[in-house]
Amino acid sequence: MKIAFSPPFINDLVKAEVNESLDSGWITTGPKVNQLENMIADLAKAPKVLCVNSWTSGAMLILNWLGVQKDDEVIIPAYTYCATALAVMHAGAKPVLVDINDDFNISVKNIANAITSKTKAIIPVDIAGWPCDYDEINNLVQQKKALFNATSDVQKKLGRILVMADAAHSIGAKYKGKESGNLTDVTVFSLHAVKNITTAEGGAVCLNLPEPFSNDEVYATLRCYSLNGQTKDAFTKSQAGSWRYDIIYPGLKINMPDVLAAIGIGQLKVYSSNTLIRRFEIFEKYNSYFSNEDWALLPQHQNDDKSSSCHLYALRIKNANENTRDKIIALIAEHDVASNVHFQPLPLLSVFKNMGYDMKNYPNAYAQYENEISLPIYPQLTDEQIAYISQVVIDSVRKVLDINND
Ligand SMILES: *Cc1c(COP(=O)(O)O)cnc(C)c1O
């Protein structure tokens, strides 16, 4: 049995949507992107959603719009994918890394200690699809208002630090009865090939800005900015007689094409009713297979306040270190099961190490990383495959850690 880590979910519905787009005579940004934006807005209960070509470009777009500059600071967790930090750097600001909690997510106490008069945004990351402590984070930016130093019109209008959730993993997750997508000022989903909902490459920016912002107006500005700052998109311009346009911002070129939006539409049609539920089931099956193993530190997917999108099954192994964890992964691979590690904390990666970030300052991020293994979790997995993966993992851990079978 050969088990891939995260193949995309492509069924007949997806293929039909893509074919419809291909046959329509219009393949770049147009009606399919509009439809996808509306479907994501419905699912996430977000006032307005803009689709772009990646999470990374969506985050850059928002930070540009916020008007961050050199020396401005954006607080992010040390435990995340590199894109969270790179988006901040591409927008011209400085990522300030803070340590995490035992649930892999950013620690609110550490955020509070890291806030300065230069802090312009916080990017909490819903690792594995588990929502961060948003009430506490949203309260914190209110409490720290007096320290906030607005240096752009948007910042003056907001009057405090912007909270932009990195929800690359958490489409479909819930927090206190609300959906990921309306828990903060802005939420950005990734629609990359390995994520719960994909368009091959893509991102969705959910706008939930407070008064006096108009989310509709901000959407119109950002949409224009995402397409070279051009007043008419190519679809509108293609209508007979509608050729003249202007360029009103020095915009980016990060729009999503219709042919890719079609993939996401097909997937979203069965997400809440089927594929998300199946992810939950798989998560719980793994939990039950591992629940009798003393070495297993089971990941969380549900409590009174939070419900995960079950994007990753991040298993931790008591008493494992980097070396034994890597041996376990190699042994699992010998049985044709692909596993992974989410994530290498940023200070372990050359770019960030060279910028001066030191792993010693983020002990919890390291502790969570050194014994973590992500197991395959996606709707196409059969019960038989889940049983097989679990047995392979149990055998491999016992062998490497020299644990007896009884
Ligand atoms: C995948 C991912 C991103 C980047 O998404 P792209 O759409 O590839 O730009 C950002 N943050 C996290 C936590 C991710 O896992």
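Student: Is R223 buried or exposed?
Tutor: R223 is buried, because its relative accessible area is 15%, and the cut-off for buried is under 20%. Please keep in mind that this model is predicted.

Student: What does R223 form with D233?
Tutor: The two residues form a salt bridge, with their closest N and O atoms 3.4 Å apart. R223 belongs to helix α8, while D233 lies in the loop between α8 (215-225) and α9 (234-237), so the pair ties together parts that are ten residues apart in sequence.

Student: And is D233 buried or exposed?
Tutor: D233 is buried, as its relative accessible area is 17%.

Student: Where is E17 found?
Tutor: E17 sits in helix α1, which covers residues 12-23. E17 is buried, because its relative accessible area is 7%, and anything under 20% counts as buried.

Student: What does the side chain of E17 make with the side chain of K32?
Tutor: The two side chains make a polar contact of 2.8 Å. Apart from neighbours within four places in sequence, E17 is in contact with K32, A262, I265, G266 and K269.

Student: How many salt bridges does a search of the whole structure find?
Tutor: The search finds 17 of them. One of the pairs is D72 with K120, whose closest N and O atoms are 3.1 Å apart. This pair links distant parts of the chain, 48 residues apart: D72 is in the loop between α3 (55-66) and β2 (73-77), and K120 is in strand β4 (residues 119-122).

Student: Are D72 and K120 buried or exposed?
Tutor: Both residues are buried.

Student: How do the side chains of K176 and D135 meet?
Tutor: They meet in a salt bridge of 2.8 Å, N to O. K176 is in the loop between β6 (174-175) and β7 (178-179) and D135 is in helix α6 (residues 134-143), so distant parts of the chain, 41 residues apart, are linked. K176 is partly exposed at 38% relative accessibility, and D135 is partly exposed at 35%.

Student: Why can such side chains pair?
Tutor: Side chains of opposite charge can pair when their charged atoms come close.

Student: Changing topic, how many residues does helix α15 have?
Tutor: Helix α15 (residues 383-401) has 19 residues, and its span of 27 Å from first C-alpha to last is close to the 27 Å expected. Its buried residues include I386, I389, V393 and V397.

Student: What do the buried residues of α15 pack against?
Tutor: They pack against α11 (271-290), β12 (313-317), α12 (322-334) and β13 (372-375). Just after α15, D402 takes a positive phi of about 60°.

Student: Into which domains is the protein chain divided?
Tutor: The chain is divided into domain 1 (12-268) and domain 2 (271-401). Their C-alpha centres lie 27 Å apart, and 42 residues of domain 1 are in contact with 35 residues of domain 2.

Student: How much area do domain 1 and domain 2 bury between them?
Tutor: They bury about 3100 Å², of which 62% is on carbon and sulfur atoms. In domain 1, Y79, W130 and N196 lose the most area to domain 2, together 23% of what that side buries.

Student: What is the count of salt bridges between domain 1 and domain 2?
Tutor: The count is one salt bridge. Across this interface there are also 24 residue pairs in polar contact.

Definitions and conventions. Residues numbered from 1 in each chain as written. Predicted model: local features only at pLDDT ≥ 70, side-chain atom pairs only at ≥ 80, totals over all residues. Heavy atoms only, no water. Helix = DSSP H or I, 4+ residues; strand = E, 2+ residues; numbered from the N terminus. Buried < 20%, exposed > 50% of the residue type's maximum accessible area, 1.4 Å probe, protein only. Polar contact = N/O pair within 3.5 Å; in protein donor to acceptor, adjacent residues only side chain to side chain. Contact = heavy atoms within 4.5 Å. Expected span 1.5 Å × (residues − 1). Salt bridge = Lys/Arg side-chain N within 4 Å of Asp/Glu carboxyl O. Domains from an automatic or database assignment. Buried area = accessible area lost by both parts, 1.4 Å probe.
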